[in-house]
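Subject: The structure, and what turned up in it

Hi there,

Here is the structure I promised to pass on. Please have a look at it first, and then read my notes below.

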Amino acid sequence: MNRAHPSVTASVIRKARLLLAAANFRSLSSLCLYLDFPLSLFLSKERGPMVSDFKFVGIQMHVSFTWDEPTGELVFGAINAASNSGDFDLLADLKSKSERQEDIVRNSVGCDVGVNFAMHIERARSSPGACRRIRNRAKQVTTAELQYLMNSALLAGEAADDIAALCAVLLLNLTVAEMVMKRNSAVKDGILEFLKSSGSRPYGTLAIYLNPSEAAEAPEGGGS
């Protein structure tokens, strides 16, 4: 993309800004990935905040990524994993995984997911277990897309903290969610508002875990 004609690059930047303004993060990450346009660099040069309504954008991301709300079992598993995880260099870890995630998404084009998904679903009706394999592959690709978006937002710096935190919540990557919420109080408030307003019990549990000070105050309020 760096070798492209300046007018082409300018067109991509204009389109990327439109998608960012609309909080259409799946299309934004796809655009940058398939055109080899540096998403992290683009986000680092844009002015934050990039999410003005966490409740709306959180729901929109669930829809656009076809991402189900987590079960209680998944949330408790993520909490246990975060509680038992040791310290490590988060950014170095992200950089080491980025290429693999990009390859997963790029390789989805023309495979069992992507443009041929409907065709393969139709074909799978006559093949026991094939539909389940296709859906599992689609889930793997969607997970890689969310991870790519989250990593790009983290590498962009604090300007894209809101995007990184929302991705982390969907992925139940509580290490990233806690790190971002600790350094950015506005993002913390927005994430907690999204989780509490969802009406989901697992997300409510997650809100309590991510805001321990509120949980500590709860017994006093309940006893009055």
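Glu-145 counts as buried, at 8% relative accessibility (buried means under 20% relative accessible area, exposed over 50%, partly exposed in between, with a 1.4 Å probe and protein chains only). Before going further, please note that this is a predicted model, in which local features need pLDDT of at least 70 and side-chain atom pairs count only at pLDDT 80 or more, while totals for chains, interfaces and linings use all residues. Residues are numbered from 1 along each chain as its sequence is written, and side-chain values use heavy atoms, with hydrogens and water left out.

The whole structure holds three salt bridges (a side-chain nitrogen of Lys or Arg within 4 Å of a carboxyl oxygen of Asp or Glu).

Glu-145 takes part in one of them: its side chain meets that of Arg-26, at 2.5 Å from N to O. This pair links distant parts of the chain, with Arg-26 in helix α2 (residues 25-34) and Glu-145 in helix α8 (residues 130-155), 119 residues apart. Helices here are DSSP runs (H or I, at least four residues), numbered from the N terminus.

Another salt bridge joins Glu-46 and Arg-17, whose closest N and O atoms are 3.1 Å apart. Here too, distant parts of the chain are linked: Glu-46 is in the loop between α3 (39-45) and α4 (54-64), and Arg-17 is in helix α1 (residues 6-21), 29 residues away. Glu-46 is buried, with a relative accessible area of 15%, whereas Arg-17 is partly exposed at 46%.

Then there is the salt bridge between the side chains of Arg-183 and Asp-161, at 2.5 Å from N to O. Arg-183 lies in helix α10 (residues 174-183) and Asp-161 in helix α9, so the pair ties together parts that are 22 residues apart in sequence. Asp-161 is buried, at 1% relative accessibility, while Arg-183 is partly exposed, at 35%.

Ala-164 is buried, with a relative accessible area of 0%. The C-alpha atoms of Ala-164 and Ala-177 are separated by 7.7 Å, and these two residues are 13 residues apart along the chain.

Best wishes

Note on methods: Helices (H or I, at least four residues) and strands (E, at least two) are DSSP runs, numbered from the N terminus.
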